[in-house]
Amino acid sequence: MESMSPSYAVCVRGASKAYGSGKKVLNVLERLDMTVQKGSIYGLLGASGCGKTTLLSCTVGRRRLDAGSVWVLGGRPGEPGSGVPGPRIGYMPQDVALVGELTVRETLLYFGWLFGMSDDAIGERIVFLQQLLDLPPLNKFVKLLSGGQQRRVSFAAALVHDPELLILDEPTVGLDPILRQAIWDYLVTITRDDHKTVIITTHYIEEAKQAHTIGLMRAGRLLAEDSPSRLLGRYGSETLEEVFLILSSNQGPVDQGHDDPGTVDQGSVETLSVDQGAGTLPLSASSTEALHQAHGSNGDLNSSPNGHDALALQKLRANGKSAACNGGGLGGVHDVPVRPSPPFSAMFKGHVKALLVKSFLRILRHLGALGFIFIFPVLEVGVFFTAIGGDPQGLQLSVVNEELYAMNLTSCDQYRAAFGAPGSTYSGGTDDDYGQPVGNCSVRMLSCAFLDYLDHNMANQVYYKEREEALSATKAGDSIGVLYFSPNFTEYLEARRLYGSELSEDEVEQGEIPIWLDMSNRQLGTIMTKSIVDSYHAFSRDLLGRCHANPKIGEIPVHFEDPVYGVDNPNFAVFAAPGIILTMIFFLTTGLTATVMITERQEGLWDRSLVAGVTAWESLLAHVVTQGVLMGIQAALALIMMFLVFKVPCVGYMGDVISLTFLTGMTGMCFGFFVSVSCETVTSANFMSLGSFYPIILLSGVIWPIEGMPLLLRWVALFLPTTLSTTSLRNIMLRGWSLSKPEVYVGFLVTAVWAAALITLCMIILKYRK
């Protein structure tokens, strides 16, 4: 295998990188060559947007070039054993890329652990870095620091493991001149005495004179690469700013990837800043004109004082600098002894330790959010079982009782006051030897007797004299329905019992109770219907029983025995409980994890950790552990509320219930990770999570049995992550079935397959996503 010359710390050849496609392609790097000698400081200078950050990202292995090659410390980034990404590099990105919830000390411990350092070694480096960088108090949280202080901590994180190669993207932004000079003095010292290598980008051009080599970059191309003194001498300039302007003018218009090479993007204006002691001043057209006059070029910068033409860049590449990375090199540079990297087991332990501590501390220091995470499942379960499944109360039921009005009475209470309790009375003897009644059964005001059996808590009875008036109240929404009793209701109801086959149609109807219900609310209408029917059955049984008749003759000839599973009067909340608990745990864990990686990517912490050598699966493992602990607590609280507080029946093995609930929570967590790695922004992740909520809850059999759905939707429902697990949990809780039943273990298997598939997709996306 070819290898880079040991004289080079970084060697880039023919680097090209573009974003977008078609007519919208943007060329960020174009056939760029760069050579960084070991034991030197390389200053990479250029305006914002010229491709510096992209070039550094390719150097540390976070992005791939479209064309060309990169060699770092003798190997290609990402190759086994190269140590890149890993502990051989110290990387400070342009963003702060720190965890705001950690203290300064914890931040440095975090990065030290990532690099496989011991606590003692990290402590020694912290003392040194605190003196070098004038770090803020070590116990202060990063989020409470000023911007300049945060950058100092970020710089310290790159230095904590004393790397062979330092890559610093704008490390001195926001720092005072004294501290900037102290940092440069330190960089010069470590390159001179320890033969370290430093690549640094900066907007303060003049401070880059302290670098051994400078690369001037514009629009994805390296205009020049040489020592500051030789560049200043070659162009007869006093400042690097003037050199940059001359080379920029020689380069000409910038092609930003348009199909027509002659088309120039006039919408982009490049600016540059130059250090003028106390501050930075932008370059402008006027400064360019001043340079024209100073060089006496009559407006033509293509002619430099030394006679160099527009091909100055190629002429600057002397001494074999443009040679291939694996051939030749520069002599006279001390080879840096390569420190052995910590063994894999030590690195793995350090990575996992750092990631776990960081994740747990981040969670624990959001006490309000943490409290909400644990209170929310308790509230959800409590609200569900308190609000769902109970019989309605306080409804209004309109009653038109013409039996009362025929006696000039307006309510059953008036009847009781005047004539006693309504109903039936048996007198005249006991039953004969064959059990047949020999006495008389007298009945009176059976309409009031029946009304007494209705659930008065569910519906208040409001009396109306006219049926149309009562119907108007129902139509106006003031009443759930109307009950009507004819003037001779008692007489003809008794006649139905005694002379049923001899009665005319009109006489039969006189003994009926016409009911008009408002069925716009299906649940209320169904519950009221069942309540009225059950009340009539109880009224009929008692009436016949008091008359020494068989109570069954008043019922329909259908008798329901004790149910095989469940209870006689099932509660809807009990039916829905398995689906509700699993769906709730699934989406609670999805919500916990759907944005966790997006947040780290937006903060820059994800990239910085990967550059430190953390693998995607290690980061994912740490998140699985931390989020799994939270999920376990949430699931435990939800189950405690359901079974111990609200006494939901469970006739099966409780261990199976707990196992399936936790497995479903893990699946929801994996789905959240899938959302997090698939989406770029928190907003898109929220849309994806919420968009999946309704199909799952509507089709998984929680609200309506899947047997009541069209065949196509049934098949769709079976492929959802909570459908078969809901069926399994219902079979365990209400039927007492065990894992030996296919209807139970299939739910476990499908849920586990979903979890495995989602975590595999996460790993694939993380592997190929840069």
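This is a predicted model: local features need pLDDT of at least 70, side-chain atom pairs count only at pLDDT 80 or more; totals for chains, interfaces and linings use all residues.
UniProt positions are given in the numbering used here, feature names are shortened, and annotations may be inferred rather than shown by experiment. With that reading, the unreviewed UniProt entry lists residues 367-388, 572-599, 620-645, 657-675, 687-706, 712-732 and 744-766 under "transmembrane region".

**Annotated spans**
- Residues 572-599, which the UniProt record lists as a transmembrane region, are 93% helix and 0% strand, with the end C-alpha atoms 40 Å apart.
- Residues 687-706, also listed in that record, are 65% helix and 0% strand, and here the end C-alpha atoms are 26 Å apart.

**The open sheet**
- Six strands form an open sheet in the order E5-E6-E7-E3-E8-E9, and their pairing is mixed; strand E5 (89-92) and strand E9 (221-226) are the edge strands, each of which pairs on one side only.
- On average, and with direction ignored, neighbouring strands of this sheet are turned by 15 degrees against each other.
- Strand E8 (residues 213-218) runs antiparallel to E9 and is joined to it by 5 bridges, with Gly-215 standing opposite Glu-225 in E9.
- Helix H5 (residues 177-193) lies across strand E3 (41-45), strand E6 (165-169) and strand E7 (197-201), and runs at about 150 degrees to E7.

**Salt bridges**
- The count of salt bridges comes to 18, and a network of them links Glu-101, Arg-362 and Glu-603.
- Arg-365 and Glu-106 meet through their side chains in a salt bridge of 2.5 Å, N to O, which links distant parts of the chain, 259 residues apart, with Arg-365 in the loop between helix H10 (344-364) and helix H11 (367-387) and Glu-106 in helix H2 (residues 104-114).
- Asp-162 and Lys-196 form a salt bridge at 3.6 Å, N to O, between the loop joining helix H4 (147-159) to E6 and the loop joining H5 to E7, the two residues being 34 residues apart.
- Within this pair, Asp-162 is partly exposed at 26% relative accessible area, whereas Lys-196 counts as buried because its relative accessibility is 9% and the cut-off for buried is under 20%.

**An exposed loop residue**
- Ile-556 sits in the loop between helix H18 (522-546) and helix H19 (572-593), and counts as exposed because its relative accessible area is 56%, the cut-off being over 50%.
- The C-alpha atoms of Ile-556 and His-537 are 9.4 Å apart in space, while the two residues are 19 residues apart in sequence.

Note on methods: Residues are numbered from 1 along each chain as its sequence is written. Side-chain values use heavy atoms; hydrogens and water are left out. Helices (H or I, at least four residues) and strands (E, at least two) are DSSP runs, numbered from the N terminus. Buried means under 20% relative accessible area, exposed over 50%, partly exposed in between (1.4 Å probe, protein chains only). Two strands pair if DSSP finds at least two bridges between them. Axes are lines fitted to C-alpha atoms, for helices over the stretch in contact, and angles run from 0 to 180 degrees between N-to-C directions. Contact means heavy atoms within 4.5 Å. A salt bridge is a side-chain nitrogen of Lys or Arg within 4 Å of a carboxyl oxygen of Asp or Glu.
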